[in-house]
Amino acid sequence: RAEAVTGNLDDCACDVETIDSFNNDQLFPKLQALLESDYFRFYKVTLNKPCPFWTSSSHCGLRDCAVKPCSPVSSSFQPNQEECFEETREALLDWSKYDDEAQRFCVVDDEDSPDSQYVDLLLNPERFTGYKGPEAWQIWNSIYEENCFKPYTVKRPLNPNSFPSSSGGEGKTTFYSWLEGQCVEKRAFYRLISGLHASINIHLSARYLLQDSWFQKKWGHNISEFKVRFDSELTAGEGPKRLRNLYFLYLIELRALAKALPFFQQHGIRLYTGRPEEDQKHKELLLEILQLAKSFPLHFDETSLFAGDEKEAAKLREDIRLSFLNISRIMDCVDCFKCRLWGKLQTQGLGTALKILFSERQIKALPVSSDHRPSFQLNRQEIVSLLNAFGRISTSIRELKNFRSLLAEDW
Ligand code: FAD
């Protein structure tokens with residue numbers, strides 16, 4: 001049963017119950033408040049980049065896949081919004097001087113590209129869109145294939161017809177055995193992607209389109225959709241493993257937030273929106289969240305991911321960086337724009353979390369005064385994606401609690 005995910009997690013000294021109570025009672029409410037602020041709700045993204053790997057066979061015409069863009073004249077903006085954007089742009093230009101491209105784990109969309117647009121994430125919640133079938137599987141399978149750490153420029157189109165359906169059937173075992181035959185398994189990387197996959201599928205089950213008539217749309221929890229994806233019996237034991245991967249992803253991103261604290265504590269780091277009082281309030285809330293993340297008692301020890309000699313660790317780090325670069329590009333092949341938006345954001349957020357975890361030395365060496373050039377920087381895109389990506393995982397953990405209660409009632 002899906003709710004049977006309890007006890008210790010593999011590879012770390014942490015248990016599900018500790019994470020549940022820490023997240024649901026302490027961190028989740030603060031994070032939600034932060035993510036509603038203007039700094040965090042506007043994400044700049046290029047959504048119409050062509051897929052670099054294969055010719056997209058279909059254009060998603062699903063209504064619920066549409067993304068509502070923001071425009072500076074939109075009523076959802078404050079009157080001084082254009083000014084704010086100008087200020088943000090200046091801050092970004094300032095930061096970007098110190099950005100080291102090689103430190104990035106993701107392709108960051110060109111903010112100055114005429115095709116990039118601000119998207120209000122609150123207007124475009126991650127939820128059920130109806131995107132599924134061979135196209136969606138092709139994306140997931142291509143992402144899992146990155147586990148192989150092949151040279152990132154080599155990418156061949158996969159045959160979507162050879163992939164299994166999650167409703168079971170003969171193809172099911174061939175999916176991963178095919179992958180395993182092709183490459184050496186990198187366990188942590190696989191678990192992170194699987195955790196992200198689980199999170200997306202929890203969201204679509206929690207905000208499912210329950211009623212769709214000409215006068216009303218109703219979104220809510222769909223228990224059977226959740227069970228089909230996560231129930232132990234219905235998934236031959238895979239569902240609970242995927243949920244454990246979600247907790248693993250949570251721990252990795254939480255650890256990154258804790259490690260990023262000194263960066264945000266630096267004098268001069270501001271959350272620009274053009275309204276200084278609000279910015280200060282949100283900066284304080286952000287610091288409170290990061291302090292809370294740091295206080296978590298059972299942190300994952302990420303150094304275990306890079307055991308071995310320095311050369312080997314550097315190689316693995318570079319492999320992961322290139323894989324994330326490729327995953328960012330695969331996201332441009334997602335036909336459903338809403339899924340593409342959240343897929344890009346979450347990949348960038350996870351990439352930023354890994355960048356932080358691999359930059360401990362540089363973060364420790366951050367200058368106390370602003371006279372020295374810091375060797376570690378995060379730009380606005382990275383900060384917004386990091387916190388929003390973590391917000392998605394935190395919400396998934398919270399949703400698991402809701403599903404547990406609903407399943408108990410359903411019994
Ligand atoms: P899929 O979820 O497509 O999975 C394919 C196969 O992968 C399964 O058969 C199973 O064998 C395996 N698998 C499933 N889950 C895991 C896991 N956690 N770990 C390891 N293996 C697993 N749909 C929406 O409604 N809203 C969205 O916002 C949305 N965003 C998406 C974003 C991206 C980047 C992608 C690629 C898809 C998105 N989708 C979204 C589609 C959704 O994730 C599913 O692909 C779709 O609902 C079809 O599900 P499925 O049951 O066929 O299996």
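## Annotated binding positions

The UniProt annotation "binding site", from an unreviewed entry, covers Arg127, Thr129, Trp140, Ser194, His197 and Arg229; UniProt positions are given in the numbering used here, feature names are shortened, and such annotations may be inferred rather than shown by experiment. Residues are numbered from 1 along each chain as its sequence is written. The model is predicted, and local features therefore need pLDDT of at least 70 and side-chain atom pairs count only at pLDDT 80 or more, whereas totals for chains, interfaces and linings use all residues.

Serine 194 has its place in helix 6, where helices (H or I, at least four residues) and strands (E, at least two) are DSSP runs numbered from the N terminus. Serine 194 counts as buried because it has 23 C-beta neighbours inside 10 Å; a residue is buried if 20 or more other C-beta atoms lie within 10 Å of its own, exposed if 12 or fewer, and partly exposed in between, with C-beta atoms placed from the backbone. Leaving aside neighbours within four places in sequence, serine 194 is in contact with Arg242 and Asn245, contact being defined by C-beta atoms, placed from the backbone, that lie within 7 Å. Arginine 229 lies in helix 7 (residues 223–230) and is likewise counted as buried, because 21 C-beta neighbours fall inside 10 Å.

## Annotated active-site cysteines

UniProt, again in an unreviewed entry, places the feature "active site" at Cys336 and Cys339. Cysteine 336 lies in the loop between helix 10 (310–330) and helix 11 (337–357), and is buried, since 24 other C-beta atoms are within 10 Å.

Cysteine 339, by contrast, lies in helix 11 and is buried with 23 other C-beta atoms within 10 Å.

The secondary structure comes to 13 helices and four strands, and buried residues make up 37% of the 411 residues in the protein. Helix 6 (residues 187–206) has 20 residues and its end C-alpha atoms are 28 Å apart, in agreement with the 28 Å that it should span at 1.5 Å a residue, the expected span being 1.5 Å times one less than the number of residues. Helix 6 is mostly covered, with 14 of its 20 residues buried.

Helix 8 (residues 238–265) has 28 residues and reaches 41 Å from its first C-alpha to its last, close to the expected 40 Å, although it bends by about 35 degrees at lysine 259, with proline 262 following within four residues; the bend is the angle between axes fitted to the seven residues ending at a position and the seven starting there.

## Confidence

The protein averages a pLDDT of 79, and 72% of the residues score at least 70, pLDDT being the predictor's confidence in each residue, from 0 to 100. Over residues 72–80 the pLDDT is below 50, and this stretch has eight contacts in the model beyond near neighbours in sequence. Residues 150–185 also stay under 50, with 34 contacts beyond four places in sequence.

How values were computed:
Contact = placed C-beta atoms within 7 Å.
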